Amino acid sequence: MIKAILVFNNHGKPRLSKFYQYFDESLQQQIIKETFQLVSKRDDNVCNFLEGGSLIGGSDYKLIYRHYATLYFVFCVDSSESELGILDLIQVFVETLDKCFENVCELDLIFHADAVHHILSELVMGGMVLQTNMTDIMSRIEEQNKLVKQEAGISAAPARAVSAVKSMNIPQQIKDIKLPAIKDLKF
């Protein structure tokens with residue numbers, strides 16, 4: 001089972017953190033810091049698996065990571081998960097992000113955090129892997145984008161109505177109304 005998914009940059013700044021087991025906020029920050037220290041010290045030519053840090057579960061858990069450009073993608077898993085399977089999952093996650101954001105970069109994770117979390121929830125939910133087929137994941141993302149666009153159309157309707165009313169130039173129309181003179185009115 002997946003215990004946590006962490007993405008941080010080369011300086012240890014978290015860009016995505018998803019914990020599937022409860023840790024209070026301060027402990028989460030300590031876990032991120034410890035994980036960064038463990039992963040960032042490793043050479044690029046060594047394997048991408050290591051024992052979990054003392055805060056995340058020690059030798060009962062493994063940290064499986066990939067380093068892409070300025071980002072580290074780290075999955076903390078228990079011993080029941082396959083290291084190669086998780087490496088493949090990281091690859092699918094990154095490729096899906098790359099397709100969605102056209103050459104994903106650190107800023108995409110910052111400014112589109114909701115979309116990144118949605119993509120992640122298509123892959124993993126509750127610490128269990130749901131989907132690894134990128135075609136299926138992309139079709140779900142596209143369906144979600146269509147729904148968002150439809151909702152944007154509905155939510156923009158009041159703004160379009162206000163715009164239409166403003167373009168009617170009602171103050172000028174009121175001035176143009178010809179009222180009968182008071183002397184012509186019969187009481």
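# Talking through a predicted fold

Tutor: Among contacts between residues at least 6 apart in sequence, 47% join residues at least 24 apart, contact meaning heavy atoms within 4.5 Å. This is a predicted model, where local features need pLDDT of at least 70, side-chain atom pairs count only at pLDDT 80 or more, and totals for chains, interfaces and linings use all residues. Residues are numbered from 1 along each chain as its sequence is written, and side-chain values use heavy atoms, with hydrogens and water left out.

Student: What percentage of the residues count as buried?

Tutor: Buried means under 20% relative accessible area, exposed over 50%, and partly exposed in between, using a 1.4 Å probe and protein chains only. The chain has 187 residues, and the buried share is 34%.

Student: Is Val7 buried or exposed?

Tutor: Val7 sits in strand S1. Skipping neighbours within four places in sequence, Val7 touches Lys13, Pro14, Arg15, Leu16, Leu71, Tyr72, Phe73 and Leu109. With a relative accessibility of 0%, Val7 is buried.

Student: And how far apart are the C-alpha atoms of Val7 and Tyr65?

Tutor: Along the chain, Val7 and Tyr65 are 58 residues apart.

Student: Which strands do the buried residues of H1 pack against?

Tutor: Helix H1 covers residues 25-40. Its buried residues are Gln28, Ile31, Ile32, Glu34, Thr35, Phe36 and Val39. They pack against strands S1 (2-9), S2 (14-19), S3 (49-51), S4 (61-68) and S5 (71-78).

Student: How far does H2 reach from its first C-alpha to its last?

Tutor: H2 has 19 residues. The expected span of a helix is 1.5 Å times one less than its number of residues. For H2 that expectation is 27 Å, and its reach is close to it, at 27 Å.

Student: Is H2 parallel or oblique to H4?

Tutor: The axes of H2 (residues 83-101) and H4 (residues 113-123) come within 11 Å and cross at roughly 140°; axes are lines fitted to C-alpha atoms, for helices over the stretch in contact, with angles running from 0 to 180 degrees between N-to-C directions. Angles under 35 degrees count as roughly parallel, over 145 as roughly antiparallel, 65 to 115 as roughly perpendicular and the rest as oblique. So H2 and H4 are oblique.

Student: Where is Ala69 found?

Tutor: Ala69 isn't a glycine, yet its phi is positive, about 50°. Ala69 is exposed, with a relative accessible area of 71%. Its place is the loop between S4 and S5.

Notes:
Helices (H or I, at least four residues) and strands (E, at least two) are DSSP runs, numbered from the N terminus.
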